[in-house]
Amino acid sequence: MMEKIQKFGGAMFTPVMLFAVSAVLIGFGILFTNEQILGSIAAEGTFWRGFWDMILNGGWTVFNQLPLLFAVSLPIGLASKQNARACMESLVIYLIFNYYVASILGTWGSVFGVDYSLEAGADTGLASVANIKTLDMGMMGALLISGLAIFLHNRYFDTRLPEWLGVFRGSAFVVGLGFIVMIPVAVLACFIWPKIQMIITSFQGFVTNAGGLGVWIFILLERLLIPFGLHHLLYAPIYYDSVLVSGGIYAAWAKALPEIAASSKPLIELAPFAAFTSTGWSKLFGCVGIALAFYKTAKPENKKKVAGLLIPVTISAVMCGVTEPIEYTFLFIAPPLFIVHAILAACLSTIMYFFGVIGIFSGGAIEMASLNWIPLMANHWPAYVKMLIIGIVAIGVWYLVFKFLIEKFDFKTPGREVKSDVKLYNKKDYREKNTNKKSQANEFQVMADEILIGLGGAENIKDFTNCVTRLRVNVNDPEKIMENDYFKEIGTYGTSRNGKSVHVIVGTNIQYVADEFGKILEEN
């Protein structure tokens, strides 16, 4: 079961990787259409304003069409064959479902307690999906229908039909089944979902009233779930669906940005719902303190090597919000340090909340600048001054706490290993070791091939997918997997294992490695 949950979590993350570029477009779009900052050039009717309004509309595409994106992208990671066709089938079946729901509610809406005459929007229980007025089921509805479509695809795509029915094979057969299956599913959705919406509304009130305690618990759980690869399942419904606010926190914040930018009211009054997207503070500040502590506690002869390891992974954490490389550097060596790290992260986010520093702060500095600092600096710079002061103090706290614990309990963090010649396995070391394979063109192919060897060969691979930093692999026999040190030696940051599910932590180059990994498997 855990294997399936982890695989689902990785597949669900696929559309989330599009948010970074959208965030940049929205951030600059809000900035360049703000008359308070740019003056008359940004006034309504000017060419400048028209151009940046166009960019803004393009930037909001991802946030405005999240259900469609989740419906079409889930098969990329979960379909067992013909993934591209599965994506098309999923999209069509999802549209069929919504057309069915629209027709049912248009005729019998009162039976289900739904006023279908209302315009789709927040607090109506209705939404517009691909210009279809339907139930507002958000990401959850898209994932449910896409999951059913994937089940039909995996089970019936290869169904043999008589020769005279050949035109109905493959995708046509799957979609045909979708037309039938979606009838009872649509009816059940009309019965059940309005009641679920009532529960969600009550939950929203509970979480909002929880205040700082709610933020602390949420951030703590998010950090602690990272080793299992399940943190996506915790934050995704809140960030991208209507669990806490209509449309999800990301979409709600993006749409409210012009109003927030024009107002001088405290951020916590303008958008209190955004308090839960504060997972990035430990990435921006905490990881810097950790890196400094590792460098300080390393043996003198190893400091140069440790710096070579820590500088790129710290930059990755600060700028991109990708923390797995630095966290996995100590996660399995010293698990207590990771627990302390999670507690400190929760405390920092809660302190930021009480000081009124609210916004989309779940990623790295690039995302934070795009959705917060750039468009909001003019009227909300006092909050960001507080943020900077608190963050600098936090770096010092992380540094002192980690330094004390490392020295007190003699944790073998990078540079403190017993053997003086122990390697601090980074990618540079691996490239130097393989001088006959240093070509940039085959660098990722080499790593993919070495990972495959470490996982027991092609015959031991059941299936795989990837998220932003990890290669998520399900194997047939976990006993054939090599030790964690092997994976560090070939240039990765190690592995996370749970039964037959193995996560190989590669870093931000994961997509290139995953592509090569897939090619090698196809050749075998």
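**Close-up 1. Aromatic cluster of F32, W48, F51 and W52 in a predicted model.** These four residues, F32, W48, F51 and W52, make up one aromatic cluster. The model is predicted, so local features need pLDDT of at least 70, side-chain atom pairs count only at pLDDT 80 or more, and totals for chains, interfaces and linings use all residues. Residues are numbered from 1 along each chain as its sequence is written, and side-chain values use heavy atoms, with hydrogens and water left out. Rings of Phe, Tyr and Trp (its six-membered ring) pair if their centres lie within 6.5 Å; planes under 30 degrees apart count as stacked, over 60 as edge-to-face and the rest as tilted. The whole structure holds 20 aromatic pairs. F32 and W48 form an edge-to-face pair because their ring centres are 5.7 Å apart and their planes stand at 80°. This pair links distant parts of the chain, with F32 in helix α2 (residues 19-32) and W48 in helix α4 (residues 47-59), 16 residues apart. Helices (H or I, at least four residues) and strands (E, at least two) are DSSP runs, numbered from the N terminus. The rings of W48 and W52, with centres 6.0 Å apart and planes at 55°, are tilted. About one helical turn separates W48 from W52, as they are four residues apart in α4. Buried means under 20% relative accessible area, exposed over 50%, and partly exposed in between (1.4 Å probe, protein chains only). W48 is partly exposed at 30%, whereas W52 is buried at 14%.

Close-up 2. H380 is found in α17 (residues 365-409) and is buried, with a relative accessible area of 4%. A polar contact is a pair of N or O atoms within 3.5 Å; within protein, one must be able to donate a hydrogen and the other to accept it, and residues adjacent in sequence count only if both atoms are side-chain atoms. The H380 side chain has a polar atom 2.9 Å from the backbone oxygen of I260. The backbone oxygen of S263 also lies 2.9 Å from a polar atom of the H380 side chain. Leaving out residues up to four places away in sequence, H380 touches I260, S263, S264, K265, L267 and L270; contact means heavy atoms within 4.5 Å.

**Close-up 3. The largest nonpolar core.** A nonpolar core is a set of buried Ala, Val, Leu, Ile, Met, Phe, Trp, Tyr and Cys residues joined through side-chain atoms within 4.5 Å. Among the 127 residues of the largest core, Y240, I249, W253, W281 and F402 touch the most other members. Helix α17 gives the most to this core, with 16 residues. Not counting residues up to four places away in sequence, W281 has contacts that include L348, M352, F361 and M387.

Close-up 4. Strands β5 (residues 495-498) and β6 (residues 501-505) run antiparallel and are joined by four bridges; strands pair if DSSP finds at least two bridges between them. R497 stands opposite V502 in β6. Two residues lie between the strands of the hairpin, where G499 takes a positive phi near 65°. L331, in the loop between α15 (324-330) and α16 (335-354), is 165 residues from S496 in sequence and 9.6 Å from S496 in space, C-alpha to C-alpha. L331 is buried, at 6% relative accessibility.
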